[in-house]
Structure formats: structure tokens, C-alpha cells
Amino acid sequence: MASQLLRYRFCGVARSRQLLTQARLHRSFATLSSIENQYATDTKLHGYTVKRTKRIPELELLAVHLQHDKTGAEHLHVARDDNNNVFSIAFKTNPPDATGVPHILEHTTLCGSEKYPVRDPFFKMLNRSLSNFMNAMTASDYTFYPFATTNQVDFANLRDVYLDATLHPLLRQLDFTQEGWRLEHANPKDPNSPLTFKGVVYNEMKGQMSDSSYLYYIRFQESIYPSLNNSGGDPAKITSLTYSQLRTFHAKNYHPSNSKVFTYGNFPLEEHLQHIDTTFSKFNPTTRELDVKYPIDLNETKRVVMEGPIDPLADPARQYKTSLTWFMGPADDVYEGLCLRIVTSLLTDGHASPLYQALIETDLGTEYSPNTGLDTSSPVNIFSVGLQGVTKENLSVVEETIRSVIQKTYDEGLDLNRVEAILHQTELSRKHKVANFGMNLLYSVTPGWFNKVDPLEMLEWNAVITRFRNDLKKPRFLESFLEKYLLGDKPAFAFSMVPSETYGQALNAEEEQRLNTKIANLTEKDKKEVYGLGLSLLAKQEEKEDLSCLPTLHVKDIPLEFARDDLQHTITSAKVPVQWRVTPTNGLTYFRALASLQDLPQDLHPYLPLFAESLTNLGTKTRSMASLEDEIKLKTGGISASVQVSTLPTDMDTWNLGLIMTGHSLDKDVSDLLRLMTILLVETNFENYEKLRTLIRGMASGAADAIAGSGHSYARGVAASVTTAASRLSECLGGMEQVKFIAHLDSYDDVSLPLISAKLKEIAVYAISSGALKIAITCGEDAVAANDQAVAEFVNGLPIAPTPRSLAPGTASSLTAFIPGALPQKTFYPMPFQVNYAGVCLRGVPYTHPDGAALQILANLLTHKHLHGEIREKGGAYGGGATYSGTGGVFSYYSYRDPNPLNTLMTVSRAGEWAVQNAWSERDLEEAKLSVFQGIDAPQSVASEGMIYFFHGIDDDMRQTRRLRLLDIGIADIKDAAERYLVGKDSETSVALLGTAQEWISDENKWRIADAGALSSLEVAAAANAELAAGEDSEVSLGFEEVAEDSEEESLGN
């Protein structure tokens, strides 16, 4: 956690895609035109017939749509000069009920197949491959299994595993009970221990339902789309699913005739078809699942109200969510879909949108409801607008406002200048070179493809935009869509969720009653079978397997050296260092400015996330944020601000703190990009109290949901915060402490806003001085000269610090919130979740230390060879393992959506000894290295090249040394690292747990019970008002000082 880029709105740590580069084993890529000639309509290829071919020059790709002759399976191949190749096989899986059978089947198919009869070959392949993406996902009405890799041998291996897993799974009952649900004794070896519900998916969905935003969305979907059941599964219904129903569902849906295959990249289509045909031709054709589900008939306005949970971090009076929904025609009209996306974006997106101004800026709610926007993934376009953070009294006002704003917008007309801004953003996004382009195509095409939308038509852009620009010349063209679908007597669907103080208790009571009913219906024979099944599953989980049937790559497939980025360095006349990465960028320039905040007073640290968000949300004294945002969208690909905490690669106890400004634009617009960035940095109006209040409310809203989605990351952050000073600072800026801090600010009354504004203005003095700046530019050769001039003008336009600033890196002793040598702690945050999230942390070593490589390999070995089985398979958590932060120097254990945290904590406390005593094999070591290098050698976007050095000071020589150390690690190194860094370190281990209260979490057991909620409005306002009345601008006891006191108390309490 010590060295990470902190993004704000409490989104947690987004799931990583693990992209990677590897040696090219493919044939050289032919030109699109020559390939196009090979795939004429009706051409026969390895059991397939070409149905259509379409060249898309603007995306530099050729799309080939084929059909398998024997089974009728559809295949879409996208040929493009990209070595990050993608494969996916998908099946139409309309859920028959809410038992989650599509979701549980997705898990169970990956638990062994006829050709690969090992337990969980999917997870085993994670460390026998150099793939940069492997997953399986259940959507509302289809299930798909994608992967991406740059290695052709790896591609063939994974394709074979995926095809056999989906079409020839073993579907053993023990796998169903492990992944789906089961009745089992709390201690499987003790028949006298209580029976309970267990299962990976069961606990996953209990955790998912703890996210109130997800709960609102899924209940909305169930109400408006009753024909399409909850594919993920409702925990209350999952325990009704039987093993035979699972097998029947597979037999019906997982067949080539019901499949759609997607391939992308520069590997030859012929090889794909030849191998897939070998598998598909063994099947006889069967009836496809062509049933397309539709939502309810809206012949009149309908209303649904449901109960939901209380958010403990939000204002108790603002716990209501509500929305209005309209149907906007069939989704198979791709052109109209584009028009609708533009129209609805104009209504809802950004500071200039009329609905944002009328709903959020007026404080009717804190932010849009989770379903707001246009959903084109179903057969019918569904447009919703709503709010969360609404008071009971304002529920009806929200609906009236939405309707009146749409009518007013129709009467006054839509702003065509904003249309140009939307089109400009789209143009830039298509020029932007990303490493996961193929995966993005898959995600965009698949939903419509399963609902009879032409996949080739979805790929087109230029022709559609040309038609749109011509139609835009017609009078009131865009307004006609408002009239057609939203105005007059058009019926709508109103959905509201009201808070219930007993919601959580009711869920627990329902589960207990369901469990008791199951137990009461058991005969003595049944009870013996339940006990025996538990023992059988445990024996299966502990069984040593022969994995020789699984294909694998080898360490020799990993290049000894990585591809270095050629960087150049200059210094402006104002003494500002500039890093240049000159490379083809498709006509774009990427700009980053890092302003050092080393000398920022510590009482201002907690305000930094709010400051970063303020720069792009408050506007200036002469221009509204709506006006600025429109120009930003018209001239750039966007401007953002964030905060970074990092450690030195040679010293993990020395930290750097900085503000990052990021933006990109067409080469011709770089001067405008930097001019706009200067305006945001220098002229932001921190006294815009109405916008500041809206911003704080938005940041605080939904914090509990963010924790529910990434609770393991928050738990690790809390645990890591006593290991290094940088980790402590990261926790203050982006962890639970920041969540609490923003909740405190949100509970201030408006009279306190000037105090907050004063803090932000104080930060600005430190952030905008050119004397604390460094810059990174990525652009093409022909843009260097113009960009050099633009950078000089940008730097010269920034203020010069009145006095020299101390920019020396911070140390542990210079951060008073971090106490060097403080005793580790055990911290528990009670949260309204049905499952738990654990984090356990220990100190490691700096990036350049020789032992760092061994710790990184050790974390991977523990995850795949020990913790996955103990925490997920046996314990029932959705996820669990170990990680090592090479840049931050922190070794961490974690669990995710965990029903049995005590088991997890006991397991990880013994993990070091287990690693020392385990008889590691060379194969184990090789698999760990393959897995680690998936991330190290991930393909990166052109914008990311050179950023490891720019942000972290890790140069190519350091990276190469680290690479060779990783490749050279031996078994003795692993055991030595475990012995020295993990064994006997109880007194140096920090533990954090988020979730449900447990009997063993108590003061007597040295746990600190933390308060995750905000202070009451009266307490906060009283403190702020007293300070304002005294006319002082002193430190408020709600920020960094509170953090410091907590650290001391936790240390003493342990």
C-alpha cells in the first residue's frame, strides 16, 4: 500500500487485468487487404463457412463472421496487428430461477474435465501460463470464458483447457457442493459441531448483497425484468438448487450449437478454426437457446417500493434511493442506439447537463442512483435517471424534477456544442493505444450479439458518424428522441428503495430459519450423509494431485531481459525537469505533472483527496465548471488530478508525497490542454461553497458500498498502516481513515464550509509552485518541438514560490502520525456485511534489496499452494491469499467475502512455518515464477511507458536486476525468506478485520474496535463553529490529529 497511485471517490482497488508481453512466436502479420481476399463470403475453412467479412479501417481491423457447418456455432474473428490475442467461448444461459445456476455452473465447469481430470484446472493454469487475463463471467443472460495472451503456445494450451472445461466438464457432486452450496458441520471432522451453510458462490453472493448499490440495481432489474431471473443467485434461493438441476442446465445450454466464439489478434484464423472444429465436430447439432427475454409491458406508469439496508457512514436522514425508467426502442438498431447514447449523455453527464444541475447541484440527492444511464445490453434500450442520498420528503420532488427538466430541455433545445465535445472524446478514445483493446472489443460486442444485434455493425464507426452528422443538420433532430420516448403520456417505471433499520437482522433471521428448516427435514440417514459428504470433500481438498496432464509453459519461455523504454531528459529554463518518451502515439500527446508536497503541513494531509477532486469540480471565479468541462471535452481527452505516496526504491522508510495532474490531447491541441490545466491549478475557486458541498456529499456517498466491493484492500491498508510511514500516509489518504474523514466533513453544516475552503487554499499554495514540479511527456517525434514550447509556456505561467521549499523526502520520524517501532495492532471495523474481509501485514524490504525477489515468489507460492485451498476451498471465502508489494515493502495476507475469518487468521499465522516445512518442488517454483512474470511483463499502453521511473524512481537497471533475481530464486531462498521474515513475527504482525462482529473480537483479546461511522452533525458543527467564532484558522480535531491519537491508543492497547 505504500507505493500506489491513489484515486479518489472511494472506489477501492480496481480489479487488475494482468496484461503481459512475451516472445513473438506468431507469423508476421499480413496486410488487412490481403487477409480480406482470403475470407470471401461462402469460403469454406476447416468445417466453417464465412458468412460475411468487413474491414474497419478506422480501427485497423478486419472482422470475419463465420458459422460452423455441423453445429451452427457462430464465430467472430477480429484480425488486427496486435500480439495480445484474445479467445472467448460464450453460451446463452437464460436463468430459469434465482438459484444462481448459471453462476454456479460457471464455477463448477472449471473444477475438472475429461481431458484434465484434476481439481480446479482453471486455478492451476493461472500459474502454468503467461496469460495476462484469465477469467469466467456470468452476465444476465449469457456466460463467457475469456483469456488473453501474447504467447502462441500458451494460447493453444488455454484454448484447449477452456474448450474441454466448458464442453466436457466432470461436474462432480463434490465440486458442486464446494463451489455452490452445502450443509456442513462448522468443523467437518466433528459431527457434534453445528450445521451451517457453506459454499464459495453462496458466500460470494452474500457479500455482493451487502453492497447496497448492487442490491438496489438487482432488485430494480428483478422488478422491471421478471422474465430474466438473477443469474448470480440470491442467497435465499441458492440453497434450493440441486445437483441434478445443475447437470440438466449444463446439458441444455453448454453445447456448440448454443455457443459464440470470439478470437482477436494476429494469430492465424485458420489455426483457431482447425482446433475448434476438432472439438465441435464431435457434437451433433441441437436446438439453440433463442429465447430472448423482454422486460415488463409498460402500458402505464408502474411503481415499486422495496426495503434496503442503512448505510452507517451516511446521513441517517438521507438513506432513500429512487429512479424513473423508460423504454427507448429495440437495441438491435445500432444507429438509433448511438443517437440515444448521445441524447441521454447530454441529459445526465457532467456539470453542464441539465439533470445533474437540477438533481445533484440543488442537493436533492448526493449522487445518481446505480441504474442511471442508458442500458443497451438487453433487447430493449432502457434509460433510467435517479438519485441516492435522498430524504423521504424529497422522493416525490425528485420524480417531478426529472420530468420537468426533460420537458424544459426539449422546449429550449439541446446544446449542440456539447455534441461536438462527445464526438471529440470518442475520436480520442479510438486513437488511444491501449494494451487490452481486444478485451474491450469482446466486452462491447458480446451482450448485443446474444440479443440478435449484428456484431459487425457494432464495430463500424465512420459510416455511423457520417450519417449522424448529416442527420444532425435536421431541425430538432436530437430533440425528436425526447419526444418519441420520454415526453407526453409516455409511461415510466418508478422504483424506490427505503431504508430499514431491521434489514440486516431480517436477512440473518431468514437465513437462520432456512437453515433450521433444512436441518429439521433431515433424517438420521441424511445427517450421516451430510457428515460423510463433508469428510469426503475435505479429503478431496487435501488430496495430492498429479497435475502432469495439464499443459504448461516453462521459465525458459520468459525472456532474460525486458524491453526497455528509451527515455530522454531535459530541463526547462525555469529549472523544471522534463522526461520525454518519444514513440508513435497515433497523433496524441500524453502529459503528466508531478508537484511535490513534501513540505505540506501534516494537518492538511487528510484534505488532499478533496483538494485533488476540487480542481476538476469547482470552477473558477470567472468561469463555471460546466463551461470549463465543455471546453476540456472539446479540446482534450480529459484532465484529472490525483495524489501519490511512494517510497524510495532503496529505502522503504523514506517517502514522497505529490499531486499528479494528468491529461492528453491531439498533438495540435496541446497548448489548449496545458492552458486549461493551468486554469484549474491556479484559478480554482475554493470559495464556491455550493459546489464544494456537492463534491463532499458525492465523495462521502456510497462509501460502505466501496468497502463492500474492495474490503480486502481496505483491511490490508489498515493493517499495513503500522508497518511503514508511507503506508500510514496512504491509509490517511485513501483508506478507512479517509472514509471516516470525508464522512466527518459531510456531517459539517454549511457554516463550516469556509474553514474547509481555507484548508484547500492553503494546499494550493504548495501545489502550484513551479519550483516543486517535474513533468513527463509521451508523444511522437514530429510533436516534440511544439510540445517543448508548450511546456515552457506552461511552466512559466505557474507562480514562483516566495521562499525556497524543502523537498527532501520524508522519513518515519518526520511523520508524527506514524510512531517508529510502535507495537502492531489488531483492529476491527464493524460493518453491515454478512461476510468479512481480513488483512494481515508484516514489514518486508526495499525494492532493491536482494530478499525482495524471494518474498515476491514466496507470496505467490503460499497463495496457490496453500492459502487458496485453506481459505477458499475449505473456508468458503470467495478469495484469499498473500501478496508482496515490491515498491512498498509490505508482505500481506488477505481474505475476501470470508464467512470464517477466525480460520483465515489462524491459517495465515501458521503460513510462514508451513512454507519452511513444506517440501517444495522445482515445478512449484517454476509455476510461481510464471505467475509472477504475468504481471511483470504485462503489455502496457503507450501512455504508461516510462512511468515506473517517473513516479517511483525505479530505473531500468534496477528492474533488470530484480528480474534476474526472480529468475534465479531457488527453493533454499524461499525457505530462508519465510524463516527470516514470516516465522516468529507475531509481535510484529498487524491485523485488520472488516465485517460482522465475532465473539472472539474483544478488548480482552487485544482487539481495538474502531468506529467506522461519522461523528454526529452536532459534534462536528459545534467544533467547527467554535473555531470560526474564535476567528482562528487552527487545526480541527477531526483530521490528522485524530489519526495520530488513534495510533498511540492502538499501540498501547496491543
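Select Thr344. At 5% relative accessibility, Thr344 counts as buried (buried is under 20% relative accessible area, exposed over 50%, partly exposed in between, with a 1.4 Å probe and protein chains only). Thr344 sits in helix α11, residues 334-348 (helices are DSSP runs of H or I with at least four residues, strands are runs of E with at least two, and both are numbered from the N terminus). Now show its surroundings. Leaving out residues up to four places away in sequence, Thr344 touches Met328, Leu374 and Phe383 (contact means heavy atoms within 4.5 Å).

A note on the model before moving on. This is a predicted model, where local features need pLDDT of at least 70 and side-chain atom pairs count only at pLDDT 80 or more, while totals for chains, interfaces and linings use all residues. Residues are numbered from 1 along each chain as its sequence is written, and side-chain values use heavy atoms, with hydrogens and water left out.

Next, select Glu483. Glu483 belongs to helix α18, residues 479-485. Its relative accessible area is 44%, so Glu483 is partly exposed. Beyond residues up to four places away in sequence, Glu483 touches Tyr410 and Lys490. Draw the distance to Tyr410: the two side chains make a polar contact at 3.5 Å (a pair of N or O atoms within 3.5 Å; within protein, one must be able to donate a hydrogen and the other to accept it, and residues adjacent in sequence count only if both atoms are side-chain atoms). Glu483 and Ile406 are 77 residues apart in sequence, yet 9.6 Å apart in space, C-alpha to C-alpha.

Move to the cores. The largest nonpolar core has 77 residues, and Phe87 and Phe280 have the most contacts inside it (such a core is a set of buried Ala, Val, Leu, Ile, Met, Phe, Trp, Tyr and Cys residues joined through side-chain atoms within 4.5 Å). Helix α4, residues 152-167, gives the most to this core, with 7 residues. Centre on Phe280. Setting aside neighbours within four places in sequence, its contacts include Tyr48, His68, Ile89, Leu163 and Leu167. A second, separate core of 68 residues includes Phe611, Leu615, Leu628 and Leu680.

Last stop: select 625-635 and 670-683. These are helices α22 and α23, whose axes come within 10 Å and cross at roughly 155 degrees (axes are lines fitted to C-alpha atoms, for helices over the stretch in contact, with angles from 0 to 180 degrees between N-to-C directions). The contact is made by residues including Leu628 and Ile632 of α22, and Leu676 and Leu680 of α23.
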